[in-house]
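Me: Please walk me through this model. I want the salt bridges and the ligand site, with reasons.

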Amino acid sequence: MDELKRLADAEMFKDETRFFAYNYSTGDPFVKKIGQEAYDLFVDKNALDFTVFPSAIYFEKKLAALATSWMRGSESTVGVFTSGGTESLLLAVLAAREHYRAQGKTGTPEIIAPETIHPSLIKAAFYFGMRVRKTPIGSDGRALIEPLIESLSDETALIALSAPNWAYGTIDPIAEIAPEAARCQVPVHVDACLGGMFLPFARMNGLPIADFDFSIAGVSSISMDFHKYGYTPKGASMVLFKDFDYASRTTYVNTQTPGYVLVNRGVQSSKSVGHLAAAYAVICYIGTEGYREYAQKIGKTAEAIRQGFSSMGFRSATPSEDIVLTFYHPEIEIVHLALNLKKRGWILHLLKANSGPGIPACIHLTINPIHQKSANQFLHDIERSLKEDSGFNTELLRADPADLVKKLAESSIDPLLLPVLLEAVPDIDADTHIRRVVNLWFKP
Ligand SMILES: *Cc1c(COP(=O)(O)O)cnc(C)c1O
């Protein structure tokens, strides 16, 4: 325990008010406490066998009912609790592949998605032997309808859209695309991992949120993370399927073994019921009213931050839902700004320029209720950071790839800069280089 305590103390970033990435927090200490207590009560119960541990069924049913109501599903909607957005997307993609095969098709099943689709979906295609065809977005960060529809073919197994996408925080034109997909009998997945626990409540508050859920005919599945804007401990997400037949394609059953009968609705087998208990407890504690209040807080904070940035000459890279803000400055190198802010303890992301739709390189913030406390200090630190040189040698932006990877491996350049550096070195075989660096970092 001493070793653990030393490690926890040595974490560079502890102040949640300063995270504009990775962390989703309400600022209410009870939210965290309830999640921990609930987890503790069920930590040693195994969701592998829900006939022995029926609490696993209880929690999953309750969570599926809530998720279904928020996503405006029906009696036939089926929900599967998963470990996170990635697992939810894996199941959604698997359902589409099995649906494709059930139609007797033998080609390589293809997923059509705008370039803003989360990379976890592309990872799912990699795992399941599928292909992804990316289609362009407009300067507002949303999928362009025509090129997407024109890409439909006999080999299309799935169209995947976001509500909203992580990069720009924009909701794709789902209501415009889904009917066309339905006409061609192609399922549509809506990735609401980021927005699923925010958008319904923002809409209840009267915000004009575009339809994105099962209220649109043609939407076959939706992924939504509890561990993002549901503020539950990490390890909690849900994938919803429009009906039982589509959902059951992902349920894995194996009776043909000398061992136990294996029945998995998700990717994992043995897992703690604690994850389900913690998610259920936190979601009940906050409740619909609580989520509506948090959505309102996020909206107010986003507005204050937008105004602050605007008065310093920044512009939004695209319009967005309040949970994601992206800013660039026509005269300032954001690389210096981000490094200066990191020195002051602020965690955020940099996005590279996207030349297709003409979206400039920008800083990326995910807004949480807790930022209400820190927004003023943040704006103040931005103002101070604007005038400072970060000491970063921008020549590195033109460095040769091997040198860049070497510097990354030695930790002599900040990984925060990675997206921008990669953009500046276009022919780098980036994935291969990074695979090597990362495996070196984890070498015992
Ligand atoms: C976070 C996120 C994911 C992946 O979720 P994990 O929980 O990190 O696996 C997928 N899609 C979107 C839009 C996300 O924001």
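Reply: Helices are DSSP runs of H or I, at least four residues, numbered from the N terminus. The model is predicted.

Me: About how many helical turns separate Asp381 and Arg384?
Reply: Both belong to helix α12, which covers residues 375-386. Asp381 and Arg384 form a salt bridge, with their closest N and O atoms 2.9 Å apart. Because they are three residues apart in α12, the separation is about one helical turn.

Me: Is Asp381 buried or exposed?
Reply: Buried means under 20% relative accessible area. The value for Asp381 is 2%.

Me: Which residues are linked with Asp381 and Arg384 in a network of salt bridges?
Reply: Side chains of opposite charge can pair when their charged atoms come close. Asp381 and Arg384 pair at 2.9 Å. The network that links them also includes Asp15 and Arg18.

Me: Which helix holds both Glu180 and Arg183?
Reply: These two form a salt bridge, the closest N and O atoms being 2.8 Å apart. Glu180 is partly exposed at 24%, while Arg183 is exposed at 63%. They sit three residues apart, about one helical turn, in helix α7.

Me: What is the N to O distance in the salt bridge of Lys228 and Asp225?
Reply: Both residues are buried. Lys228 is among the residues that come nearest to the ligand. A polar side-chain atom of Asp225 lies 3.2 Å from a ligand oxygen. In the salt bridge between the two side chains, N to O is 3.3 Å.

Me: Which helix gives the most to the shell around the ligand?
Reply: The shell divides into four nonpolar, six polar and three charged residues. Gly85 has a backbone N or O atom 2.8 Å from a ligand oxygen. The helix covering residues 85-102 gives three residues, the most of any, and is α4.

Me: Is Ile137 buried or exposed?
Reply: Ile137 lies in the loop between β3 and α6. Its contacts include Pro114, Tyr168, Asn354 and Ile359. Its relative accessible area is 4%, so Ile137 is buried.

Terms used
Residues are numbered from 1 along each chain as its sequence is written. This is a predicted model: local features need pLDDT of at least 70, side-chain atom pairs count only at pLDDT 80 or more; totals for chains, interfaces and linings use all residues. Side-chain values use heavy atoms; hydrogens and water are left out. A residue is near a molecule or strand if one of its heavy atoms lies within 4 Å of it. A polar contact is a pair of N or O atoms within 3.5 Å; within protein, one must be able to donate a hydrogen and the other to accept it, and residues adjacent in sequence count only if both atoms are side-chain atoms. Helices (H or I, at least four residues) and strands (E, at least two) are DSSP runs, numbered from the N terminus. Ala, Val, Leu, Ile, Met, Phe, Trp, Tyr, Cys and Pro count as nonpolar, Asp, Glu, Lys and Arg as charged, and the others, Gly among them, as polar. Buried means under 20% relative accessible area, exposed over 50%, partly exposed in between (1.4 Å probe, protein chains only). Contact means heavy atoms within 4.5 Å. A salt bridge is a side-chain nitrogen of Lys or Arg within 4 Å of a carboxyl oxygen of Asp or Glu. Lists of a residue's contacts leave out its neighbours within four places in sequence.
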